[in-house]
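Reader: Can you walk me through this one? I have a few quick questions.
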Amino acid sequence: MSDPILSAPAGPLAETTPGAKGGVAGPWSRFRADFAESRLALFGLALLVVILLVGLLAPVISPQNPYDLAQLDIMDSKLAPGERSADGSTYWLGTDDQGRDMLSGIFYGLRISLGVGIASTVFALAIGLVFGLVAAYFGGWVDTLVMRIVDIQLSFPSILIALILLAVLGQGVDKIVIALITVQWAYYARTVRASALVERQKEYIEAARVLALGQARIVFRHLLPNCLPPLIVVATVQVAHAIALEATLSFLGLGLPITEPSLGLLISNGFQYLLSGKYWISFYPGIALLLTIMAINLVADQLRDILNPRLRK
Amino acid sequence: MLAYAIRRLGQSLFVLVLMSFLVFIGVFAIGDPIELLVNPQADEVERIRATAALGLDKTFLEQYWVFLKGAASGDLGKSFVYNVPALSLILQKLPATIELAFVAMVMAIFLGIPLGLVAGLKPDSLVGRGIMAGSILGFSLPTFWVGLVLIMVFSVNLGWLPSNGRGETTLVAGIPVSFLTLDGLAHIAMPAVNLALFKLSLLIRLTRAGTREAVLQDYVKFARAKGLTQGRVIGVHVLKNILIPIVTVIGLELGSVIAFAIVTESIFAWPGTGKLLIDSINQLDRPVIVAYLLVIVTLFIVINFVVDVLYSMLDPRVRLGGAAAAH
């Protein structure tokens, strides 16, 4: 959860911002003030922080451990939201076919969905970053080769590529992370290359070359930091994509195994009971998924506006 | 133009062969389909006979070679499960998928562009903000979950719409379609709405962004100064200019609608290619998986090519192939 992309915008909420407006504002406090301009974005950020905390603290705050069979009672299966169990505790969001408390199931599912989404994004970012930078810095046939692969890959819908990969690899957390990385890296490579091509022309790179610095040092210490802003926006949007894609694949039965139920798998599990009117097994995990994706999208929208130099006031 | 088309064709063929090879390696790695296909009580002789009959006793490269030779003559192998040619199985299911994708796209276009125009013309009004909020929601809603909620509301609670199948179909030029009968329309309504939702949100955003930029341009001010009616300024001058990127995106999204139909078809048991793919993956029906991919990839290549050509016709500033020096 120490993902820099997600924890970076968490600043304005975690600390109060006295004197952020007016006065001598550094780039960071200006960033915070800009972000706080949209109330919708602040709402999204607050929601996101809550969701991250819930995912992080799931084992602590859940009413029961939904995967400890000793805590489950088959007599409690498929109870409607708000009903009481035999031992007197209330299931606020009902129970599933195994008698699991849905609220606890959702907390644990959120943990897995977020973990898979963030992990795959971080890895894909790292891989795309290296390929994009290398392509832009060296140009020539390296550039052509990398960008051809990126173009071909991006001309196919991500769900199709992920589906085929999972059909081949089988189920498992590691496999779905591999599939999500494969699907995502090309976006980062393209984004990094585009901004690196612009940055490469600038004087500071020339200055670094004149100073006879090593190529690795120029690429990673000089070029890279200046290519980050657009990348942050893409990464934020991609976390949401990755979470949605994982949920979809798990729903189709090709993602995570039943022992590690993400939100998508919970929804899939409830599908068969939907037609008999037991809506809550599918409905509430879906709400959790929706809120997560929406919170990330709201934050990403505002980040895009702030970091877009063309909209700079 | 011709040189461009030929080069594109060559590239496309290369991508197709490459894809088939990668998929073949991958599908080969999934596991031995014999375990699933042969009666568990069958003895060793029976198993060897079945393996030989399906060509599974050959080496990987031999199998790929046989496949390539067949593919060149339009034969993509026989389905292990249905024992009919995989290609005809897919072509038989393709009309259902294309109909669904087409209806969804039409919905997205005829709702998305007008809503995006309104939101772009009045970005700060309540209506404009409402449309934008709806579009963010549409982006965030997981497609498969919306499908479930639709079934929950319209099939289970209200009982208005059927939750699976194509319903009654009529033949148009020998191809069965659903949207010409009342029963068929009732069946296609929910899957199409489900599939359209994401594209609708996308088109709203695109149209809104284009409109906001266009209304600030000089030609719009000039059209207003000439005293043209608001309807004409918007309908002709603004719309015509923002339509170019929109048409491109619509064309490119057509492929992704067909891919996302996999999810929608699975939920609503729509008998199209997507459902066939999921079933084939679960049954390890290798020839069908490979054939599906080749058909879909070919479809994408054709769509992308048509979009590129259309784009260059719509926008004279675009020159195909980059090298216009020949003319």
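Reader: What share of the contacts in chain A with a separation of 6 or more comes from residues 24 or more positions apart?
Author: Such residues account for 68% of those contacts in chain A. Keep in mind that this is a predicted model.
Reader: How many helices and strands does chain A have?
Author: Chain A has 14 helices and two strands. Of its 313 residues, 46% count as buried.
Reader: Switching to A247(A). Where is it?
Author: A247(A) sits in helix α12 of chain A, which covers residues 228-251.
Reader: Buried or exposed, and why?
Author: A247(A) counts as buried because it has 32 C-beta neighbours inside 10 Å, and the cut-off for buried is 20 or more.
Reader: Which residues does A247(A) touch, leaving out those up to four places away in sequence?
Author: In chain A, S113(A), S262(A), L263(A), G264(A) and L289(A). A247(A) also touches P142(B).
Reader: And what separates A247(A) from I267(A)?
Author: They are 20 residues apart along the chain, and their C-alpha atoms are separated by 8.6 Å.
Reader: New topic: α4(A) and α6(A). How do their axes cross?
Author: At roughly 105°, with the axes coming within 7 Å. An angle of 65 to 115 degrees counts as roughly perpendicular, so that is how α4(A) and α6(A) lie to each other.
Reader: Which residues make the contact?
Author: From α4(A), I51(A), L52(A), V54(A) and G55(A); from α6(A), F107(A), L110(A), R111(A) and L114(A).
Reader: What does that contact look like by class?
Author: The contact of α4(A) with α6(A) has six nonpolar residues, one polar and one charged.

Notes:
Residues numbered from 1 in each chain as written. Chains lettered and ligands numbered in written order. Predicted model: local features only at pLDDT ≥ 70, side-chain atom pairs only at ≥ 80, totals over all residues. Helix = DSSP H or I, 4+ residues; strand = E, 2+ residues; numbered from the N terminus. Buried ≥ 20, exposed ≤ 12 C-beta atoms within 10 Å, placed from the backbone. Contact = placed C-beta atoms within 7 Å. Axes fitted to C-alpha atoms, helices over the stretch in contact; angles between N-to-C directions. Parallel < 35°, antiparallel > 145°, perpendicular 65-115°, else oblique. Nonpolar A, V, L, I, M, F, W, Y, C, P; charged D, E, K, R; others polar.
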